[in-house]
Amino acid sequence: TSTWELESTLSEHRGHVLSCVFSPDGALLASASVDRSVKLWNLQAVHSGSQNQSAVVTSMCAPDGSVAYFVTQDPRVVRCSFEPLQLDATLVLDGADAYDVELRLAPDSANLAISAGSHLLICDPLTIRPRRAVSHDREQITVTSWAPCGTMLASGGGYLNSSEVRT
């Protein structure tokens, strides 16, 4: 059997860590805490940059490792660039419950789908600005998935919808 050894402890948060995500190359780590901070860690130098935010509910990293997206409790979607380490875009989700928000980046990274309650937003992944909005007639969206081609998106709750995405 193999064993794991502790590399280092990243202890700058002042509360429990609720979410973290690595860049695909493993060089960078983004973490979020109940202390309402998001920290971006350069693991080669064990250096962090931080920004006070609302507590983070969930996170995801782009496949190329260039950015991470966080959903905060207030609720907002926040985009964090790894090179340079900075928080660079925010979208406020008025009236949404942060725990119902789901993020899905298209396979080609050309679109970011954000489901919140009965609404689905197709956003520019760089600015997080909505390009298109779809309503599910008061039906709670619980699942979203991109087709491998990146131009079809399935979403639904009690029933499933399929949408062609053209931007």
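This is a short chat about a predicted protein model.

Colleague: What should I know before I start?
Modeller: It is a predicted model: local features need pLDDT of at least 70, side-chain atom pairs count only at pLDDT 80 or more, and totals for chains, interfaces and linings use all residues. Residues are numbered from 1 along each chain as its sequence is written, and side-chain values use heavy atoms, with hydrogens and water left out.

Colleague: What does pLDDT average over the protein?
Modeller: The average is 77, and 78% of the residues score at least 70. pLDDT is the predictor's confidence in each residue, from 0 to 100.

Colleague: Where is confidence lowest, and where highest?
Modeller: Lowest is strand β4 (residues 47-52), with a mean of 50. Highest is strand β10 (residues 112-116), at 92. Strands here are DSSP runs of E, at least two residues, numbered from the N terminus.

Colleague: How many bridges join β7 to β8?
Modeller: There are 6, with β7 covering residues 76-81. R79, for instance, has A89 in β8 as its bridge partner.

Colleague: Switching topic. Which residues have the most contacts inside the largest nonpolar core?
Modeller: Y69, L103, I114 and I128, in a core of 19 residues. β6 (67-72), β8, β9 (102-105), β10 and β11 each supply at least two of its residues. Another core lies apart from it, with 14 residues, including V21, L28, A30 and C61. A nonpolar core is a set of buried Ala, Val, Leu, Ile, Met, Phe, Trp, Tyr and Cys residues joined through side-chain atoms within 4.5 Å.

Colleague: And what is I114 in contact with?
Modeller: Leaving aside neighbours within four places in sequence, its contacts include V77, L91, L103, L121 and I128. Contact means heavy atoms within 4.5 Å.

Colleague: Now D124. Where is its place?
Modeller: In the loop between β11 (119-123) and β12 (130-135).

Colleague: Why does D124 count as buried?
Modeller: Because its relative accessibility is 17%. Buried means under 20% relative accessible area, exposed over 50%, partly exposed in between, with a 1.4 Å probe and protein chains only.

Colleague: What does the side chain of D124 reach?
Modeller: The backbone nitrogen of L126, at 2.6 Å.

Conventions: Two strands pair if DSSP finds at least two bridges between them. Helices (H or I, at least four residues) and strands (E, at least two) are DSSP runs, numbered from the N terminus. A polar contact is a pair of N or O atoms within 3.5 Å; within protein, one must be able to donate a hydrogen and the other to accept it, and residues adjacent in sequence count only if both atoms are side-chain atoms.
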